[in-house]
Amino acid sequence: MKKHNYSAGPCILPQEVFDKSAAAILDFNNSGLSILEISHRSKDFVAVMDEARALALELLGLEGKGYQALFMHGGASLEFLMVPYNLMKSNGKAAYLDTGTWANNAIKEAKHFGETLVVASSKDANYSFIPKDYAIPADVDYFHCTSNNTIFGTQMKSFPETGVPVVCDMSSDIFSRTLDFSKFDLIYAGAQKNMGPAGATLVVVKEESLGKTGRTIPSMLDYQKHIAAESMYNTPSVFPIYASLLTLQWLKNLGGIPAIEKINEQKAALLYTEIDRNPLFKGTANVEDRSTMNATFLLNDESNAPLFDELWKKAGISGLPGHRSVGGYRASMYNALPLESVQVLVDVMKELETKV
Ligand SMILES: *Cc1c(COP(=O)(O)O)cnc(C)c1O
């Protein structure tokens, strides 16, 4: 039986993506070839790449606005260094908002390239909130933030107004909510949180932001080279990109980001209402900063953990334990997780209440 998959990433994808991916492994487009054995230069795969890049921009409302979408290797973690390589001037500086483990890893890499200012941090509160009162100096090359903190369950509900280019790691909430994406000069996201399987990374970049650093950039790390090669500078991750395209098509057919946003809000409301109502549980993130994607919560009495764990496993739930740096539980409710799966979890939380 299919599990209710709450894994933080790689994560659940729509069933039709699994079905179509499986069919394409056996025979891709009636070509007599598996998607795993075709050339990335074949007409059929070039069409996949072109559509995936165009559809990503279309769903984000960035078509015809000077942006390019790229499918890269190396995960969001490689973007932590590609961003400063491509956007921080030699002898330049950048501003970073420290909202969690991933933001911190981005800061660590930027420090190799130049002055890296941390404008605010919630580290002292174990990243349970999003700092809001901070100033971004006007002379930095860019401001970097993390829209959704996968591990700590916090999410930026608004973004600072600033005259400097804004770069955002949207790995765990891209395509989940409406935003004015044209406010960002560069967005990146590892596919495996909300877009596809592991092995591809989406980068959406405003072309005019590039080529201004004065740095010599190694080819594989140079966004301009990848743009010129139409995201095929080297062999791309053929299968993860195909599965990502299927997920983007699924999202478009559903009505795009506005449609999935409504469902995501329903799922989050259902679960957070129970976390707040049920005396056995408490949420770990500041209420106004709670993520609609990753809900982090604890049992007030740890001794109930064995029974709770038994109940949710029996209900067919998978992937609920929290990240080791927060403990407790983390329910990742990415786009493809159905509302019914959240209802199953809420029912288990209520059942626990009747049993202790
Ligand atoms: C998972 C995650 C990362 C790391 O992604 P990789 O693709 O494994 O490098 C970075 N940022 C955020 C917000 C994440 O959730």
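Biologist: At roughly what angle do the axes of helix α1 (residues 15-26) and helix α6 (residues 238-254) cross?

Modeller: This is a predicted model, where local features need pLDDT of at least 70, side-chain atom pairs count only at pLDDT 80 or more, and totals for chains, interfaces and linings use all residues. Residues are numbered from 1 along each chain as its sequence is written, and side-chain values use heavy atoms, with hydrogens and water left out. Helices (H or I, at least four residues) and strands (E, at least two) are DSSP runs numbered from the N terminus, while axes are lines fitted to C-alpha atoms, for helices over the stretch in contact, with angles from 0 to 180 degrees between N-to-C directions. The α1 and α6 axes come within 9 Å, and they cross at roughly 140°.

Biologist: Which word describes how α1 and α6 lie to each other?

Modeller: Angles under 35 degrees count as roughly parallel, over 145 as roughly antiparallel, 65 to 115 as roughly perpendicular and the rest as oblique. The crossing is at roughly 140°. Therefore α1 and α6 are oblique.

Biologist: Is the crossing of α1 and α6 left-handed or right-handed?

Modeller: A crossing is left-handed if the near helix is turned anticlockwise from the far one by less than a right angle, and right-handed if clockwise. The way α1 passes α6 is right-handed.

Biologist: How many nonpolar residues does the contact of α1 with α6 have?

Modeller: Contact means heavy atoms within 4.5 Å. On the α1 side are E16, V17, K20, S21, A24 and I25; they meet F239, Y242, A243, L246, T247 and W250 in α6. Ala, Val, Leu, Ile, Met, Phe, Trp, Tyr, Cys and Pro count as nonpolar, Asp, Glu, Lys and Arg as charged, and the others, Gly among them, as polar. By class there are 2 polar and 2 charged residues, and the nonpolar count is 8.

Biologist: How do α6 and α7 lie to each other, roughly parallel or roughly perpendicular?

Modeller: Their axes are 7 Å apart, and the packing angle is about 80°. α6 and α7 are therefore roughly perpendicular.

Biologist: Which strands are the edges of the 7-strand sheet?

Modeller: Two strands pair if DSSP finds at least two bridges between them. This open sheet has mixed pairing and runs β2-β10-β9-β8-β5-β3-β4. Pairing on one side only marks the edge strands, β2 (67-72) and β4.

Biologist: Which residue in β4 stands opposite K93?

Modeller: Strand β3 (residues 93-98) runs parallel to β4, joined by 6 bridges. The residue opposite K93 is E115.

Biologist: What angle does the direction of helix α4 (residues 101-110) make with that of β3?

Modeller: α4 packs on the sheet and touches β3, β4, β5, β8 (166-169) and β9 (186-190). Its direction and that of β3 make about 160°.

Biologist: How many charged residues are in the contact of α8 with α9?

Modeller: Helix α9 (residues 339-355) and α8 have axes that come within 10 Å and cross at roughly 140°. L307, F308, L311 and W312 in α8 meet L345, V348, M349, E351, L352 and K355 in α9. The contact has 8 nonpolar residues and no polar ones, and the charged count is 2.

Biologist: How far apart in sequence are the parts tied together by E288 and K132?

Modeller: A salt bridge is a side-chain nitrogen of Lys or Arg within 4 Å of a carboxyl oxygen of Asp or Glu, and the count comes to 14. E288 and K132 form one, at 3.1 Å from N to O. E288 is in the loop between β11 and β12 and K132 in the loop between β4 (115-121) and β5 (143-146), so the pair ties together parts whose separation is 156 residues.
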